[in-house]
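Here are my notes for your next look at this model. Please keep the sequence and the 3D view open while you read.

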Amino acid sequence: MWTQASAIIWAQWRTLRNYIPRSNKATFIFTGLLSTVWYGCFALLAAVAAFILSQPEELGFISAILPAALLVCFLYWQLIPVLMASMGSSLDIRKLLVYPIPHGQLFTLEVLLRISTGIEMLLLVTGAGIGILLNPRIPWWAPLSLVFFVAINLLCSAGVRDLLVRLLARKRVREITAFLVVLAAALPQLLVFAGFQNRIKQLFAGQPSAFWPWTATARLAQGEFSWASAGILLAWTAAAFFFGRWQFERGLNFDFAEAASKGTATDRKASRLEWLYQLPNAILPDPLAALIEKELRFLSRSARFRLVFLMGFSFGLLIWVPMAFGRSGASHSLVSNNYLTFISVYALLLLSDALFWNSFGFDRSAAQVYFLVPLKISTVLIGKNLAAGFFVLLEISAVALVCALLRLPMTVLSVLEAAAVTLVVTTFLLSIGNLSSVYSPRAVSPSRSFRTAASGRMQAMLMLTFPLSLAPVLLAYLARYAFDSEWALFGVLLFGAMLGGILYWFSMQSAVTAAESRKEQIITALSRGDGPIQS
């Protein structure tokens, strides 16, 4: 029965097996170590959860905290992949439909691959199950309820992914869909900002509703068996299964090429942004101007880049503005005084994967042109970096414009401060990104709005690079606090920009040398396909 499924897994294993020996060993080991640290932290939390849940005298605490903890697990599993624009590993259906593989096997594999979006929560739930199993006052069958809870999360995640992939494949719909998803994810913050926090507290102050899957799971996991809780959990599992399978079948019959072609004019007219694309030619010489123009045209048309750009000035506001102004008396807090800077840095974090870490990813196999024509690779990197800097400035401008339209408190000095901080951080990120682009290149499909790669590598990169990049900014704010002067802030930021410029120069030399010596490996990596599983 599972012959075809095992063949898919074997083909994917051979794809990885052939690629890893040819990849950069140091980068592979380094990323592996950082991922180990990241998941090791959650493994430690899982061990703590197992210890607490195994204590017989903690049943009262377990009863109070378990429903809320399972709700957090559910929200993390479903929302974090959307907010990080990373949907984990998945089947490449267009490569597999030509083979006579039963849809049930494909769906089962797709559901199992949803584990890649919630490994952290799976570790915590496993730790909780071990602790409950070791608790002598809880029946042996109680941890089995967590298996159904994990199945609900996997099935819901599979259905949500297929639904979003189809919606984001349609032109003129993907941006609206992304905005609605962002709005729904930020709904709790908006309710608090609108003054509904008391009603929300009243809603959650009482006993949690027995009709939610996390509540039914928590009661069964404590050994409180009832046919009502068991029926509710089974009903949610069945509903999640039908939702996931329904969306999966619709995805199998969905024509991505037709959806992408809708709305495309046969007699293509000049873009209204043509003046913007031609601007580099007016102030810079070729080939640098042509490279920047290419980047501006390509990124502005990439579904993936437009998604994270939109999330930067929409979701960033929905997250940070309620934190800054949602409570009375918080008008002079750290976040409220620097909310524009927080939003800009958060937007920079979202843009980093598309603009910095893998600058050759969108070029894919076409990147070999850079090594065939008489063109310095340093010119290519500078062109990509200048285009990235332009989009960073455009993002800051969009954030400031939206804040002005919402009549949020803002001054010219706060806008300059946010721009200065973001550009200093950008200088350091470009320095690191040029090196990562040549040492760890990877082909990226610009038509996919969400990253299909598992988020562990991205999180590991952010764990190391962002604290280092923010160090000059933290020193600048400490200087302003110590000297009570804006001049101290901008002076330290200027010094940080000079350090960033020196680091950029050295990293550029290293990146050019590495690109010349590793051009075959770079072209091979950018030309490699994903295999039957996109990962």
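1. Start at Asn-358. Asn-358 is buried, at 11% relative accessible area. Buried here means under 20% relative accessible area, exposed means over 50%, and partly exposed is in between, with a 1.4 Å probe and protein chains only. Asn-358 sits in the loop between α18 (339–357) and α19 (369–372). Helices (H or I, at least four residues) and strands (E, at least two) are DSSP runs, numbered from the N terminus. With neighbours within four places in sequence set aside, Asn-358 is in contact with Asp-353, Ser-437, Ser-440, Pro-441, Arg-442 and Val-444. Contact means heavy atoms within 4.5 Å.

2. Basis of the values. The model is predicted: local features need pLDDT of at least 70, side-chain atom pairs count only at pLDDT 80 or more, and totals for chains, interfaces and linings use all residues. Residues are numbered from 1 along each chain as its sequence is written, and side-chain values use heavy atoms, with hydrogens and water left out.

3. The chain overall. The protein chain has 24 helices and 2 strands. Of its 535 residues, 48% are buried. Take the contacts between residues at least 6 apart in sequence: 82% of them join residues at least 24 apart.

4. Nonpolar cores. A nonpolar core is a set of buried Ala, Val, Leu, Ile, Met, Phe, Trp, Tyr and Cys residues joined through side-chain atoms within 4.5 Å. The largest has 52 residues. Within that core, Phe-305, Leu-355, Phe-356, Phe-360 and Tyr-370 touch the most other members. Leu-355 touches Leu-299, Phe-305, Ala-388, Phe-391 and Val-392, not counting residues up to four places away in sequence. A second, separate core holds 41 residues, including Leu-70, Cys-73, Ala-128 and Ile-132.

5. Cavities. How many cavities of 30 Å³ or more does a search of the whole structure find? The search gives 5. A cavity is a set of points, on a 1 Å grid over the protein atoms alone, where a 1.4 Å probe fits but cannot get out; lining residues have an atom within 4 Å of a point. Grid points are joined across faces, edges and corners, and a volume is the space filled by probe spheres set on the points. The largest cavity has a volume of about 90 Å³.

6. Lining of the largest cavity. The residues are Lys-294, Glu-295, Phe-298, Leu-299, Ala-354, Leu-355, Ser-359, Phe-362, Asp-363, Lys-384 and Ala-388. α15 (288–301), α18 and α20 (377–405) each supply at least two of the lining residues. The largest share, 4 residues, comes from α15. By class, the lining has 6 nonpolar, 1 polar and 4 charged residues. Ala, Val, Leu, Ile, Met, Phe, Trp, Tyr, Cys and Pro count as nonpolar, Asp, Glu, Lys and Arg as charged, and the others, Gly among them, as polar.

7. Aromatic pairs. Rings of Phe, Tyr and Trp (its six-membered ring) pair if their centres lie within 6.5 Å; planes under 30 degrees apart count as stacked, over 60 as edge-to-face and the rest as tilted. Trp-141 lies in the loop between α6 (119–134) and α7 (144–167), and Phe-225 in the loop between α11 (213–221) and α12 (227–252), so the pair ties together parts 84 residues apart in sequence. Trp-141 is partly exposed at 26%, and Phe-225 is partly exposed at 43%. Phe-241 and Phe-242 also pair: their ring centres are 5.6 Å apart and their planes at 70°, so they too are edge-to-face. Phe-241 is partly exposed at 35%, whereas Phe-242 is exposed at 58%. Phe-74, Trp-212, Trp-214 and Trp-236 form one aromatic cluster.

8. Backbone points to check. Most residues other than glycine have a negative phi, and most peptide bonds are trans. A cis peptide bond joins Asp-286 and Pro-287, with omega about 5°. Pro-287 is in the loop between α14 (274–283) and α15. Asp-484 is not a glycine, yet has a positive phi of about 50°. Asp-484 is in the loop between α22 (455–483) and α23 (486–517), and is exposed at 71% relative accessibility.

Technical notes:
On a 1 Å grid over the protein atoms alone, a cavity is a set of points where a 1.4 Å probe fits but cannot get out, and a pocket is an open set with protein on both sides within 12 Å along at least five of seven lines; lining residues have an atom within 4 Å of a point.
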